[in-house]
Each structure stands twice: as structure tokens, then as C-alpha cells.
Amino acid sequence: MDEKEIFERISKGDEKALEFLYKKYYRMMTKLVITNSGTEEEARDIYQDALIVFWQKATSGNLVMTSKISTYIYSICQNLWRKELDRKKRLSNEEKDSAVSLDTETAERDRIILKCIEQLGETCKKVLMYYYFEEMSMQEIADKLGFANTDTAKTKKYKCKMKLDELVKAQYSEHDFLD
């Protein structure tokens, strides 16, 4: 399969193409994390998260590939790993045991939040993903989604965040986050 065919198949929701992509770039993507102070498990998690981001963007129909798929996924992995390293630095002053438990709590919390984001409308999904996961500015979000200005984007983000909070509170208890 060539790049164009892989992208087209993934855009149509073909999980086999995604599996092919996973295997094809596994070593390259995990090496990035491992050579930058990460473990094999962290590398695998980062790569899987990056593929989820790629899958969501590709299947949304809004992704236009201007580079190779591997380059695009590599940059997602880099960003995710940078965020993880920053998070680890903030935790470095705490005891190792509590840091380990926080890692699992954070991963579980992120899974719950992503699950709830998927239940939101398309615009809310995009606004929250762009803002929280891609760290886009309000100006970039306004431009990308065709909002009149940054104030409109801020208002939309606020309303979407409120909807997300309601969904999380309705479907999960505090216990789900502390397990």
C-alpha cells in the first residue's frame, strides 16, 4: 500500500489500514520516545495516542495531508512526548510511588475525557481537541473553524467545556478518577 491509499482507506474508517500503519512505523515512533528518556511502555502509549489523534483527524474529513504520513505522526508523537516530559518534571519533587499512581490516574482520566468528547457535537469536538490537545491559539481555532473572531472562539470553547463537564459528571463518579 502506498501513502495515498493508506490515507484514503483510513479516512474511510478502514481499521486494517490503521493496523498496517501501526506496524509499519512502530519502531521509528517508539524509538523517538525511548531515545528521549522514555520506556518501551511509554513509547507504545505515546504512539497509540498519536494514532488516535491521526485517526480522528483523518476520519473527520478535515485533514489535508501536506507531508508524509510518517512525518505527520512523528510530529504528533513529539508533541505528546514533550507534554509528558513537562508533566513528569512537575511531578519530580513528589515521591516516586505517588508519581507512578498519578501516571495511571492521568491516563485513565484522559481516556474518560476523550470518551466524553466523542459524544459532543462536531464543532465542540474540534474546538476542544484543537485547544487542549493541539494547543492551538484562539486565533488559530477561529480561523480554522470560520468563527468571526477570537471572542466567538472563546465563547464556544467555554460552552463546549461546560457541556463536557456535564457529560463527565453525569456518566462518571469521582471514584472513577481515583481508582
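Helix α6 gives the largest share of the lining of the second largest pocket, six residues. This is a predicted model, where local features need pLDDT of at least 70, side-chain atom pairs count only at pLDDT 80 or more, and totals for chains, interfaces and linings use all residues. Residues are numbered from 1 along each chain as its sequence is written, and side-chain values use heavy atoms, with hydrogens and water left out.

**The pocket**
- The second largest pocket has a volume of about 340 Å³ (the space filled by probe spheres set on grid points joined across faces, edges and corners).
- A pocket here is an open set of points on a 1 Å grid over the protein atoms alone where a 1.4 Å probe fits, with protein on both sides within 12 Å along at least five of seven lines; lining residues have an atom within 4 Å of a point.
- Of its 18 lining residues, Gln56, Lys57, Ser60, Lys126 and Met129 sit nearest the centre.
- Two or more lining residues each come from α3 (40-60) and α6.

**α6 against α8**
- Helix α6 (residues 122-133) packs on helix α8 (residues 150-171) at about 100°, axes 9 Å apart (axes are lines fitted to C-alpha atoms over the stretch in contact, with angles from 0 to 180 degrees between N-to-C directions; helices are DSSP runs of H or I, at least four residues, numbered from the N terminus).
- That makes α6 and α8 roughly perpendicular (65 to 115 degrees).
- Contact (heavy atoms within 4.5 Å) involves residues including Tyr131 of α6 and Lys156 of α8.

Terms used. Parallel < 35°, antiparallel > 145°, perpendicular 65-115°, else oblique.
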